[in-house]
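Keep the sequence and the 3D view open as you go.

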Amino acid sequence: MKLTTKDLTLCGMFAALIIVGAFIRIDIPMPLYTMHFTLQWFFVMAGALLLGSKKGGLSVLVYLMIGLVGIPVFAAGGGPAYVLRPGFGFLLGFVFAAFVIGKMIELCKKNSFLKMLLATTIGLVIYYTVGAIYFYLIKNLYAGEAVPWTVVVVQYCLITVLPDFLLCVLASAVCSKFKPVFTRLLA
């Protein structure tokens with residue numbers, strides 16, 4: 001993938017927006033792990049909807065790399081040890097979700113609100129699936145704590161899935177109106 005200066009600027013801009021979204025948060029204390037409801041997901045979706053699969057996914061990868069080198073841009077800090085936190089899987093889920101959302105939008109001839117909502121909802125399922133599997137594996141295999149699937153799904157997914165779905169609706173509504181303008185500006 002050949003990136004222009006404009007592409008790099010846009011990817012950096014959306015990585016910065018995801019960072020800002022990490023600091024707009026509500027902490028949800030849970031028995032095993034504190035969950036953070038943030039606006040990261042909104043900016044991940046906006047990047048995918050407006051930039052497409054590769055550049056949207058790259059924006060999230062840039063965000064992850066910034067956090068993994070030690071800059072505290074994640075909801076609970078940063079650094080390479082962050083990969084051992086159970087919640088890191090949700091950040092990995094952002095990458096896969098952004099790519100799929102962007103790919104679905106690229107395949108659509110017209111980008112309507114409903115098509116964007118379908119793409120973001122599928123992205124939400126991917127984001128939560130990757131996050132839940134990673135959470136389960138880190139807790140059960142690395143941390144050695146026996147955490148059943150029901151606890152992971154009920155306590156760490158169902159609590160934030162509705163607010164995240166509302167962010168899907170919001171991102172789809174905003175981006176369906178903004179995409180034509182955004183596309184013209186970039187042409």
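1. One term before we start: a residue is called buried when its relative accessible area is under 20%. Ser-53 has a relative accessible area of 1%, so it goes down as buried. Bear in mind throughout that this is a predicted model.

2. Staying with Ser-53, you'll find it in helix H3. Which residues does Ser-53 touch, once those up to four places away in sequence are set aside? They are Ala-98, Phe-99, Gly-102, Lys-103 and Glu-106.

3. The crossing of the two is right-handed. Sorted by class, the H3 and H4 contact holds 12 nonpolar, four polar and three charged residues.

4. As a general point, nonpolar side chains in soluble globular proteins tend to be buried together. Here the largest nonpolar core has 52 residues, and those with the most contacts inside it are Trp-41, Tyr-63, Phe-74, Phe-88, Leu-91 and Tyr-127. Which elements give two or more residues to this core? They are H1 (5–23), H2 (40–51), H3 (53–68), H4 (88–107), H5 (113–142), H6 (149–156) and H7 (158–186).

5. Not counting residues up to four places away in sequence, Leu-91 touches Gln-40, Val-60, Tyr-63, Leu-64, Phe-74 and Tyr-82. Tyr-63 and Phe-74 are themselves on the list of residues with the most contacts inside the core.

6. Next, H1 and H2. The axes of this pair come within 7 Å and cross at roughly 160°, which makes H1 roughly antiparallel to H2. The crossing is right-handed. From H1 the contact takes Leu-10, Phe-14, Leu-17, Ile-18, Gly-21 and Ala-22, and from H2 it takes Gln-40, Phe-43, Val-44, Ala-46, Gly-47, Leu-50 and Leu-51. By class that comes to 10 nonpolar and three polar residues, with no charged ones.

7. Is Ile-18, then, buried or exposed? With 0% relative accessibility, Ile-18 counts as buried. It sits in helix H1. Leaving out residues up to four places away in sequence, Ile-18 touches Gln-40, Phe-43, Val-44, Ser-59, Val-60 and Tyr-63. Gln-40, Phe-43 and Val-44 are among the H2 residues in the contact with H1. Ile-18 and Phe-42 are 24 residues apart in sequence, with their C-alpha atoms 8.1 Å apart.

8. H2 also packs on H5, at an angle of about 130° and with the axes 11 Å apart. These two helices are therefore oblique to each other, and H2 passes H5 in a right-handed crossing. H2 supplies Trp-41, Met-45 and Leu-49, while H5 supplies Met-116, Thr-120, Gly-123, Leu-124 and Tyr-127. Six of the contact residues are nonpolar, two are polar and none is charged.

9. Thr-120, in helix H5, is worth a look of its own. Because its relative accessibility is 0%, Thr-120 counts as buried. With residues up to four places away in sequence left out, Thr-120 touches Trp-41, Met-45, Leu-49, Ile-101, Cys-168 and Ser-172. Trp-41, Met-45 and Leu-49 are the H2 residues of the contact with H5.

10. Finally, Phe-113 is also placed in helix H5. How does its accessibility class come out? At 29% relative accessibility, Phe-113 is partly exposed. Beyond its neighbours within four places in sequence, Phe-113 is in contact with Val-169, Ser-172, Ala-173 and Ser-176. Phe-113 and Thr-183 are 70 residues apart in sequence and 16 Å apart in space, C-alpha to C-alpha.

Conventions:
Residues numbered from 1 in each chain as written. Predicted model: local features only at pLDDT ≥ 70, side-chain atom pairs only at ≥ 80, totals over all residues. Heavy atoms only, no water. Core = buried A, V, L, I, M, F, W, Y, C linked by side-chain atoms within 4.5 Å. Buried < 20%, exposed > 50% of the residue type's maximum accessible area, 1.4 Å probe, protein only. Helix = DSSP H or I, 4+ residues; strand = E, 2+ residues; numbered from the N terminus. Contact = heavy atoms within 4.5 Å. Axes fitted to C-alpha atoms, helices over the stretch in contact; angles between N-to-C directions. Parallel < 35°, antiparallel > 145°, perpendicular 65-115°, else oblique. Left-handed = near helix turned anticlockwise from the far one by under 90°. Nonpolar A, V, L, I, M, F, W, Y, C, P; charged D, E, K, R; others polar.
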